[in-house]
Every structure is written in C-alpha cells, then in structure tokens.
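Here is a short report on charged side-chain pairs. Please look at the model first.

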Amino acid sequence: MDLLVWPEWPPRFSALLQVGLALILTALAGEACRRARLPSVSGYAAAGLLLGPLLLGWFDALELASYRSVLDLCLALLLFELGMRLDVRWFSANPWLLATSLAEIVLSFALTFAALQAIDGDTMLALAIAAIAVGTSPVVVMRVVAEQHASGQVTDRLLALCALNAAASVVLLKLVMGGLHGVHGGGIIALLHPLYLLAGSIVGGALIAAAYAGLRKIVGPASEQGPAATIALMLVVIAMLHALRLPLALAPLIGGALVKWFDPRPHQWPGQFGSVGSTLVIVAFILAGAAADLNHLALGAGLALVAIAARAFGKLAGALAFGARSGLDRSKSLALGVALMPLSVLALVQTEDVLQVFPEFGERLQSVVLGMTAVLGALGAIATRWALLRSRESRAGDR
Amino acid sequence: MSLESFAPSRALSIGVELELQLVSTHDYDLAPVAEDVLRALSHADLQGDVKPEMTCSMIELSTGVCDQYETVSTQLEALRDTLAAAARRLNVGICGGGTHAFQNWGERRIFDGPRFHYLSDLYGYLAKQFTVFGQHVHVGCPSPDTALYLLHGLSRYIPHLIALSASSPFVQGEDTGFESARLNSVLAFPLSGRAPFIGNWCDFERYFEKMASTGVVSSMKDFYWDIRPKPEYGTIEIRVMDTPLTVRRAAAVAAYIQTLARYLMIERPYRLAEDDYLVYTFNRFQACRFGYDGVYVHPETHEHIPIGEAITSSIARIEQHAIELGTDAVLAGLRADVLAGRNDARWLRAQHENGAPLAEVVMAQCARWTQGGAM
C-alpha cells in the first residue's frame, strides 16, 4: 500500500496556513477599527506588527524572502500610483509648495538627527533614523485618502509632499548607507554607489513611464485588462530592479511622475485596483511586520519616542512655514502637517534592507524604527484622517 | 413683509453672472476648493466679483454693470484669466458647462454660510442635486412696468436662449439625451418655472405680499423663476442659460439678450397675454431636449418651426437694434453657429463619442474654458 496518498499524522501544514490566518485576523482588525470610526489601516498596522512576528516570525529567511516579492509588488504599485498624483507642473506654478516640501524634509531630518545625537551620541544611527523619519508612509496616506474618498487642497498637497519625502527618505538613507560603506569599505564606493542608485532609478523610471504609456495605448486603465497589465508591468520592474540592485521605491515613483508629466490625462484605476489592491495592502502590513522582533521594541522605545516628537515638530513647522505663501490658510496648513505623520511599511522595508547588509547596525536601527512605526502606523492613520475631516475634504458621507 | 421698491437703473445696461465648476486635475471630479480659490483671489484687483455658491465645488463670477457688449466681454475675459492664475497655483481646474459630467451629488458639501445652510436644511438633497451651473443675465429697466413687459416679452425667447447656451448633456456619468439637462434639476424646486402673468408693478407688489403672507416666501430670492424681477438692482434677471464652455459664448448670449431687450422696449411688438404661456413649457422642454432641432410653437400663430429657425429669424428681426448697440457682428457669429448646428452640448457629446472617457471630456472642457476656444 502506498502511504503517500494518506495524510501524515500529525498533519503538516504549509506556511500558507499561517499567512492565511494572519491575513484574516488583520482584516478583522481593520474592520474593528472601521466600526470604531477609526481608519481601517490603523487596524492593519497594529495587527501587522503584532501578528506578523507572532504567526510568521519563525519563518526562515528563505521563506520570508519569497514572500517579500509580494510586499515589493504592493509597494511598487502604490508608489507608481502616488507618482502619478505628483504633478510636477504644480511646482513651477507654485514654487512655495516646493519650499514647503523642502522645509518639511530638512526640518524633520535635522531635528530628528539633532535630538537623537544629543541623547545617544551614535552619529550613524542618528543619521539613519533621521533619514527614515523624513518619509511619510505612502501606504497609510493613500489608504486613508481612498477610504475617505478625499479631495481638495490638503489632500493634493499631502500626496505631493508624501511622494517627495518618501523619495528623499530613500535617497538620504542610501547616502547614509554610503557613509557606512565608507566606514566598513572603500572610500570611492561610498561616493559612487549613491550616484549609481539615483541615476539608475531615473533611467528605470523613464523606462517604466515609456512602457506604461505604450500599454495604455492598447488597454485602457479602466478596462478589465488595465490593472492586470499594470501589475504585470510592476512585476517585470521589480525583477529588473532587483537584478540591478536598485532601490525598489524610487523608480516606480519617478515613473509615475513622468507619466503624469508627459500625459496629463486622468490616470485612474478603479478604486486602487479594486479588491486586489486592498488585499495587497493588508498583505503588505503583515509581511512588513513579519521581520519585527518585539523584544527589540523595548530596547529602542526611548529613542523612538524622542524621534517621534522631533519628527512631528519638524513636519508641523515645515508645513506651517510657507503655508500662507503657498495659498493655504493656517488651519489647513496645520492639518497638512498633522496629515504627514504616518510612518509604516516603507520604513520597515527600508530598515529590513539595511539589516540585510549590516546585520549588527541594522538590529539597533530596527529596534528604534519598530517603535516609531508601532506608534505612527496606527496613530498616524488616525492623524491623517482627522486632518482630512477637519479640512472638510472627506467625501465619504457628510457626517 | 413687502417687496422693496424698484431701484432705478440705466435702461439696457447688462450684468452677467457665471457659475463655474471647480475640479481636481487628478480625476477631474468636482473638488471642494471654493474656499481656497476665494482666498487666493482675496487680494486680487477684480473688475467685477467672485463669490461662493451653494456647494464647495462651485464659484460664481460676475461682471459689473456694463452698457456695451465689449465691456462685458473684456471684463469676463479678465475675470477668467485672474481666476485661471489662481487655479494654476492651487492645481485645480475650472470649467464651464451646465452640469458636471459624472459627479456624484451625494458627495457634495454645502458651502459654509448661513443662507446655504438654510437652503440645504429646507430643500434637503435637492440642494446638493442643485450642483448645476447657470449663466444669469441682468438687464437694466427704466421703470418697473417696463421690467414686467420685458419679462413677459422675453419669455417667448427662452427656448432660443436655452438652445444657444445648452452645455449639459451628461448627468451623473450618463448621456441624458438632453442638450440642457441642467434645467430638469431646477424644475424640482417648488417655486421654479415661469413668473405669473402680471403686467404692472402695483399688481406684482400685491401678488408678492399675498405670497409673503402665506409664509412661503420672504424675498424675491425665494422664487426660482426662469426670469424674475430684481427690484433692488432695478433689473430683470434671465436664469435659464447653462454656463457656456467659453466666456465668448457667454458674452454673445448676453449681447443677444441685450439686443432683444432693446427691440422689445422700443418697438413694444407684442400685446402680451396669459395665453402666450400655453406653449411655454412645451417649447422649453423641446429646447432642453433637442436644442436647435426642437420644435418651437409660436405663441400667437401656433405655427411649428425648428428652434434654430426661430433663432435666425429673430436675429434678422432685431438687426437694426444690433447695429445701434454694436452687437451685429456677435449676433452674426451666433447665427452662423445656429446654421452650422454648433453649440456646447454638441461639442461635449462629440468629445465623448470620440471615445474619450468623461473624465477626459471634463479635462477638455477645462482647456476650452481657460484658453477661450472658438465660439
């Protein structure tokens, strides 16, 4: 008798079981938040950090790496969409907006760095954390905007600033990493490597834009094939970016902005890729949390809180600095600053990337970033939602 | 409560109001940015005025009191350009058109102001559904009785004005088959439609007092008639037009009204009668539905002709007055459009039939408004 046709005892389940369970629980956490009149993304973020390590934490590196491509796909898609909302023409019509972005980036970087440096004294760590702190979570911001069906000046500026600071954060962290190379490796690499990453991402972005424009001529974005074609395009892009060792976040963002620049027509996908999109978002939170080690959380908690406070101050001051000149009243400028708070999946992915190259340094970095995302993932989403409601830009029901 | 007295105004002076759409340049849906646009304009030196409207995605611009077509045209162009500059800084789109092609009325917000909240509480969803965009033209009248003569005399030209300005074929994402679907939303209001047939101001005041004593109205603002007297300005206000897609068309329609008014005031060609209104709603419907091709039933002879023909023959009839006012060239342009079957509703439909999604139609609409476009 062939024993292979019968189940083993006790049965052995594949990793899918854990992933599935984690997904269900995360979705439920999101629904619980929605019923509590909180953004469902708050639930995803909290559940991702708790359940990710709990259910997926024991995966070995190989398994995690294979799931990582799903996370990459989600990020690439979202950043590409965010890029398409980055209308570069706006900056030439309203340079004060660019000034706002610059102020917000510089202040949140400088203040976070200064605060951490003063307390901890580890310059490299402070620089890396400050670089990550510059970014606002595109996943959280876009989810909240989609959930509130928001539209208006605060929304538009939030998305533009988020695109710019996410890009700045990626570049800054790469520069810091270049510095680490300087410590750990040769001097010339420290200079050349960031240059390669930047130039490569711009070329990559141009190629993405060209490919998308070509595809769009054949399949409309609202057609059944539209989202599939775009997802497929992003898969190709991810494979190529990996092969070229280019940062995943930058090229899709630049590609999206180039698409909007050369073709200002509305580029709309049905509701953020419909159900596929929201599933991907939930998966992203789970997978981003999977690598988290909650024991580290306590270790970096103090620094994390300091970094959160400094970053918040920088973002608010930046948004308020040129608000009036860029055509936003005080209350909306404040709302814009508050809306910039979220920090989540992208930050975790950035940290994960550092961890791969510099395990020891990465671990210390992770302990602080985990704490920051634990607070700013869930609470940041609430802050963004509050800002959109306060500036009357939510279109999801009147009350 | 009694009606305010009829203020004196220069005969045949005109003022134009245009309600405009504010849209996002991302998805070209209506965007709640009226407050930001108004803020951006607060320091601008405007000839005319820019005001908020019922919902946060609408804005109204108005010229001052003008005597000449050229002044109207210049002022509207200046207002358009100032507004366009502000819109660029905010990265929002501005366009004409009687309706937004695919907005969802449930998503609209009422502009923060006591009168708007009062209207919203009173009319409920009608107030939000009233996110439609019209052109209003005021005509100065030397006396209140002249105003009422003009009001009832102009009522037979309502189909003409609808067909010339029609620019609302799409509502809530669908082609309605109408050239001006906007007026269907206006009809839902209890005090809409035609004004009662009253020929002198004393009787009109009595009518108003009776209405006010019922508690149904408290000012002329509560009447949503196609043409209504505006005693505080000393004008009558014609309100049936969709906001055209260009200021040139808006100015041309105003010029046509001014010329008609001169013809009516000076020649007094009709002996007005209640029975003139027998065909009114039929004619109005035909104009909304079919534009130039609709049937026009003459109020006296009951002859049936296409509305396009009624327009061209009216332009011929008032030619002398057009020359006096300097509007003859503009009216010749309108006549050429009628003969060629060109209006904004057809232009919009042509964009959509070329395969462009409605969001891209709105984008083209914005470009047409900002660049001025051909008439």
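In this predicted model, A:Asp122 and A:Arg364 join their side chains in a salt bridge, at 2.4 Å from N to O. A salt bridge here is a side-chain nitrogen of Lys or Arg within 4 Å of a carboxyl oxygen of Asp or Glu. The two partners come from distant parts of the chain, 242 residues apart. A:Asp122 sits in the loop between α5 (95-119) and α6 (123-134) of chain A, and A:Arg364 in helix α16 (residues 359-390) of chain A. Helices (H or I, at least four residues) and strands (E, at least two) are DSSP runs, numbered from the N terminus.

| Pair | N to O distance |
|---|---|
| B:Asp67 and B:Arg10 | 3.1 Å |
| B:Asp175 and B:Arg349 | 2.9 Å |

A:Asp122 is buried, at 19% relative accessible area. Buried means under 20%, exposed over 50%, and partly exposed in between (1.4 Å probe, protein chains only). A:Arg364 is partly exposed, at 40%. B:Arg349 is buried, at 15%, while B:Asp175 is partly exposed, at 38%.

Salt bridges also link A:Arg216, A:Asp263, A:Arg265 and B:Glu360 in a network. Over all chains, the search finds 30 salt bridges.

Residues are numbered from 1 along each chain as its sequence is written, and chains are lettered from A in the order in which they are written. Local features need pLDDT of at least 70, side-chain atom pairs count only at pLDDT 80 or more, and side-chain values use heavy atoms, without hydrogens and water.
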